[in-house]
Amino acid sequence: MQPDILMIEDEPNIAEAVRFILSRDGWQVDLHVDGAGGVEAISTRRPRLVILDLMLPNRSGAEILLDLRQAPDASLAATPVLMLTARGDTEAAEQADAVLAKPFDNDELRRLVRRLIRA
Amino acid sequence: MPFEALLATCLCYVALMFGVAYAADRAAAAGHVRWLDHPLVYTLSLSVYCSAWTFYGAVGYASRSGLEFATIYLGPTIVFTGAWWGLRRLVRVARMHHVTSVADLISARFGKSNRLAAIVTLIAVIASTPYIALQLQSVRLSFELFATSRPSENGALGNTAMWVAGGLALFTILFGTRNLAADERHHGVVTAIALEAVVKLAAFMALGVFVVWGLADGPVDMLRRIGDAAQDPRFAGGWVLQPDRWTALILVSGAAILTLPRMFQVMVVEAADEERLHVAGWAFPAYLFAMSLFVLPIAVMGAEILPPGANPDLYVLTLPAAAGQDLLALLVFLGGFSAATSMVVVCAIAVATMVSNHWLVPGWLALRRIPAGEGTDDLRGFVLNARRLAILAIMAAGWTYHQASGGAAALAAMGLVAFTGMAQVLPAMLGGLLWRGANRKGAYAGICTGFALWMALIFLPSVGMGGDLPVPAGVDPWTAAVALSLALNTAAFIGVSIFGFPDPVERLQGLSFVSAVEPIRHSRMARGDDRAEPLLAMARRVWGPDAALRYFQAEAQAQGKSGFLPDLTPRFLTALERRLAGSIGSATAHAMIDRVAGGVALTVSDLLQVADEAHRAKEETQRLEAARSELARTARQLREVNDKLTALSVQKDAFLGQISHELRTPMTSVRAFSEILKDSSLSDEERKKFAGIIHDEAGRLTRILDDLLDLSVLESGRAQLSVTAANLHDLIARALAAASATRPERSFVIDRDLPSEHLGVITDADRLLQVLINVIGNARKYCDAPYPALRIRVRRPDTGGAVIDIVDNGSGIDAGRQSLIFEKFSRLNDPAKAGGAGLGLAICKEIMETLGGSISYLPGQGGAAFRIVLPARPPVQQA
């Protein structure tokens with residue numbers, strides 16, 4: 001089944017928190033824990049929104065985003081992306097639809113997700 | 001004197017020699033070599049030239065042929081009088097190339113050809129075996145003569161030679177193969193030989209004084225008796241001077257002092273430097289003069305007093321015995337015993353070195369085809385064992401020859417036969433040192449010609465096979481054989497050298513030998529660092545791990561590099577090959593290094609050009625070379641510092657980014673879950689779970705902050721140590737237990753050497769424990785072997801303290817990153833696997849420096865390997 005949200009995040013506790021917060025709003029959240037295979041995961045599951053961590057093992061979130069935007073399938077390339085950064089630098093996340101710095105406010109996260117999925 | 005008493009005296013004397021050798025070796029090992037290195041000890045050790053053949057045989061020689069015996073002393077005297085001019089060059093070249101034997105010298109000069117060395121070794125073995133037999137014979141004869149009561153005809157006495165051979169083999173193995181140091185010196189043996197030289201000389205002089213002043217009526221009376229004897233046709237038929245024979249004898253004995261294996265050993269291999277030839281140049285001829293002074297008086301007096309049938313070769317013993325001087329006779333007996341034993345020991349060491357380096361080791365290498373750098377084969381052990389085996393074999397051969405030949409007559413001439421055999425090496429040796437045009441084919445031709453002629457004309461006739469050279473009447477057959485073999489040898493050497501063309505390696509070695517300067521090596525080009533590690537692994541197997549590491553580190557430092565792996569510059573490779581040659585012979589060392597480092601052959605004309613330029617302007621080249629390498633070193637140091645600074649600045653930025661990431665990650669969880677917890681609709685189970693996560697992440701934050709704080713305290717030098725005495729065994733056990741919490745699901749094989757771990761150390765035990773836990777924990781984390789194992793070895797170096805090696809069996813760390821791992825935040829693998837912030841090894845390094853020790857990465861150990869060095873005491877802290 002097509003999930004609402006695919007989250008790519010290697011820190012299990014952060015993933016758990018995000019999933020808990022969003023699932024209480026009724027969103028269905030899938031998880032992928034490694035930078036490698038991130039684009040493949042997006043193209044097979046076709047989520048309505050991707051939450052992408054910037055610091056990932058093997059392949060960074062910025063690289064995944066770049067690959068996604070260059071995908072031949074136009075609707076896949078246009079998948080909205082919410083980038084989670086720990087560094088506070090937004091430069092690497094230019095092509096993201098929205099950026100959320102860690103640590104984040106839970107309500108801010110929910111608001112951003114609602115906005116991005118509706119858009 | 002009863003047999004038992006005599007035997008006991010001998011045993012005491014031998015025990016004294018063992019004691020002296022042991023004490024000298026101990027002193028040398030402790031670094032007290034000042035008196036061991038005295039030029040007089042060196043000079044006395046040269047007296048190994050005076051074997052039993054000279055000690056007993058000189059008098060017999062004089063009885064038969066009058067003054068002719070003096071030629072045996074004249075040859076070496078002439079050579080040594082010119083020592084400062086000629087021998088110095090030989091010693092310098094040999095030491096520069098770490099030559100281990102006369103065979104090695106020839107091989108090193110002529111293109112590092114092992115075949116040539118193997119042939120010279122063959123001559124040495126053939127010439128030395130009967131010579132050793134002769135020494136055993138002299139000991140047995142003197143025993144038989146001296147022992148008044150014989151236990152049984154074929155009992156202990158009959159086996160004297162065997163016991164002597166066995167005892168000497170034991171001595172030689174104990175003191176001749178203790179180590180495989182690159183310079184191949186044996187302080188123990190040399191010191192014992194020097195002491196024996198004193199005994200020899202004292203005994204002979206005492207007998208001479210007794211003969212001249214005790215039996216004759218002073219020097220005037222003695223001279224009159226000698227004059228009478230010269231007129232007496234019964235005594236010494238050969239007082240006639242034979243210029244051709246004398247010339248040949250002087251030539252051959254002069255050659256012998258250069259080429260006999262035992263002489264080369266004491267004169268060249270055991271020489272610490274060429275300066276001692278200053279003293280030896282006059283002191284050794286003086287020793288020879290003193291040894292020969294009383295030969296004629298003893299011979300004349302022996303013929304006068306002793307019954308006509310007495311063996312003149314034993315006059316030195318029978319004369320004092322007949323005069324009732326038992327103590328003097330015993331002293332002379334010990335002198336003869338010294339002469340025989342010292343010759344056998346040194347000869348066995350020298351020949352065994354040749355046999356193992358030029359026969360056994362190359363054969364083994366060819367059979368095993370060992371891959372360079374890999375494997376656990378202990379080449380060092382093999383070489384030592386090969387040498388021990390060779391010593392046993394040489395002793396056994398000498399003894400067998402002695403048993404088989406039986407009579408004294410067959411052996412008496414063996415001294416001169418051995419001299420002429422080794423003299424066949426002389427043309428190639430002198431030619432190699434003096435003439436750049438000499439080449440390998442010429443050396444082959446000359447040595448093989450000389451060897452064949454010597455076998456046919458001198459050696460085989462001397463053992464009763466074949467006849468003397470058919471010569472016209474009035475010509476001495478021995479002189480003719482010597483002249484013919486040496487002349488054809490030299491002619492073949494020069495002729496073939498002129499028409500043959502040397503290969504490039506040879507050409508450069510030739511230049512180096514003739515001008516006695518360091519050659520410029522271009523045959524092997526420097527390559528990347530990746531070959532340095534296999535070379536280190538190879539060197540470790542020859543010298544042992546510590547010596548090899550020390551050498552490589554020193555070389556790297558000389559190049560201005562940190563760490564253990566120097567660049568493979570031609571200069572480094574040449575130096576390494578020379579040092580290895582000192583342990584395993586130049587041909588083998590050359591082959592082994594080539595196998596690892598690979599060779600790029602240049603054209604012959606390239607090399608000749610290089611060689612000629614170097615020769616013409618060698619001073620200029622050396623000066624420029626020195627200046628250039630100094631500049632290059634400075635530049636390299638600057639570059640390294642600059643690189644490091646740039647890297648540090650990049651690292652500092654990365655450090656801040658990293659720290660931000662490391663701190664934000666746990667904070668994110670804490671903040672998100674604490675917000676969730678505020679919601680009252682949670683179940684108890686969820687509440688509990690989320691509180692647990694907050695607790696864990698808070699702990700992680702604390703750990704990171706602790707590490708940072710720890711590091712900053714250590715770096716600022718404000719860390720307070722609490723120094724106590726601790727047992728390393730306990731610390732390692734605690735560290736292993738603590739580290740087992742890291743990836744507990746993986747079973748780890750721990751290899752420890754428990755007895756050696758019980759070392760007391762004085763240090764801050766908690767800090768040391770922190771380092772141990774970190775290193776062991778890292779191994780548990782990162783070791784990627786399917787069956788991970790950890791080896792821990794502890795030992796105490798001479799300087800006190802402790803050295804702890806911790807080695808796993810994973811794939812280790814790339815050479816390029818080895819110098820980075822002790823920097824902050826330099827976590828190499830993926831961050832998810834590590835629990836900390838990448839500060840562990842940086843903290844370890846700071847701790848070890850605070851404790852006055854060090855922690856370093858050991859390359860070439862198979863897996864990741866760390867060496868922790870702890871000083872005897874931590875440095876005193878400033879309050």
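Mentor: A residue counts as buried if 20 or more other C-beta atoms lie within 10 Å of its own, as exposed if 12 or fewer do, and as partly exposed in between, with C-beta atoms placed from the backbone. Buried residues make up 47% of the 879 residues in chain B. In chain A, 42% of the 119 residues are buried. This is a predicted model, in which local features need pLDDT of at least 70 and side-chain atom pairs count only at pLDDT 80 or more, while totals for chains, interfaces and linings use all residues. Residues are numbered from 1 along each chain as its sequence is written, and chains are lettered from A and ligands numbered from 1 in the order in which they are written.

Trainee: How many helices and strands are there in chain A?

Mentor: Helices (H or I, at least four residues) and strands (E, at least two) are DSSP runs, numbered from the N terminus. Chain A has 5 helices and 5 strands, in the order β-α-β-α-β-α-α-β-β-α from the N terminus on. Chain B comes to 35 helices and 7 strands.

Trainee: What share of the contacts in chain A with a separation of 6 or more comes from residues 24 or more positions apart?

Mentor: Two residues are in contact if their C-beta atoms, placed from the backbone, lie within 7 Å. In chain A the share is 58%. For chain B, 81% of the contacts between residues at least 6 apart in sequence join residues at least 24 apart.

Trainee: What is the strand order of the open sheet in chain A?

Mentor: Strands of a sheet pair through backbone hydrogen bonds, either parallel or antiparallel. Two strands pair if DSSP finds at least two bridges between them. The sheet of chain A has 5 strands in the order β2-β1-β3-β4-β5, and the pairing is parallel. At its edges are β2 (29–32) and β5 (98–101) of chain A, each pairing on one side only. Neighbouring strands are turned by 20° against each other on average, direction ignored. Angles run from 0 to 180 degrees between N-to-C directions, and axes are lines fitted to C-alpha atoms, for helices over the stretch in contact. Strand β1 (residues 5–8) of chain A runs parallel to β2(A) and is joined to it by 4 bridges. A:Leu6 has A:Asp30 in β2(A) as its bridge partner.

Trainee: Which strands of chain A does helix α1 (residues 12–23) lie across?

Mentor: Helix α1 of chain A lies across β1, β2 and β3 (49–53) of chain A, at about 165° to β2(A). Helix α5 (residues 106–118) of chain A lies across β1, β3, β4 (81–85) and β5 of chain A, at about 170° to β5(A).

Trainee: Which strands stand at the edges of the sheet in chain B?

Mentor: That open sheet has 5 strands in the order β2-β4-β5-β7-β6 (chain B), with mixed pairing. Its edges are β2 (749–752) and β6 (854–857) of chain B; each has a single partner strand, so one side of each has no neighbour in the sheet. From one strand to the next the twist averages 15°. Strands β4 (residues 789–795) and β5 (residues 802–808) of chain B are antiparallel and share 6 bridges. One bridge pairs B:Val794 with B:Ile804 in β5(B). Helix α34 (residues 765–782) of chain B packs on this sheet, touching β4, β5, β6 and β7 (865–870) of chain B, and its direction makes about 20° with that of β5(B).

Trainee: At what angle do helices α11 (residues 218–231) and α15 (residues 295–305) of chain B pack?

Mentor: Angles under 35 degrees count as roughly parallel, over 145 as roughly antiparallel, 65 to 115 as roughly perpendicular and the rest as oblique. Here the angle is about 70°, with the axes of α11(B) and α15(B) 10 Å apart. That makes α11(B) roughly perpendicular to α15(B). The contact involves B:Met222, B:Arg225, B:Ile226 and B:Ala229 of α11(B), and B:Leu296, B:Pro297, B:Val300, B:Ala303 and B:Glu304 of α15(B). Ala, Val, Leu, Ile, Met, Phe, Trp, Tyr, Cys and Pro count as nonpolar, Asp, Glu, Lys and Arg as charged, and the others, Gly among them, as polar. The α11(B) and α15(B) contact has 7 nonpolar, no polar and 2 charged residues.

Trainee: Which residues of α12(B) and α23(B) meet?

Mentor: Helices α12 (residues 243–259) and α23 (residues 477–499) of chain B pack at about 50°, with their axes 9 Å apart. That makes α12(B) oblique to α23(B). B:Asp244, B:Arg245, B:Ala248 and B:Val252 in α12(B) meet B:Thr479, B:Val482 and B:Ala483 in α23(B). By class these are 4 nonpolar, 1 polar and 2 charged.

Trainee: How many residues does the contact take from chain A and from chain B?

Mentor: It takes 16 residues from chain A and 18 residues from chain B. On the side of chain A that touches chain B, α1(A) gives the largest share, 5 residues. That side has 9 nonpolar, 3 polar and 4 charged residues.
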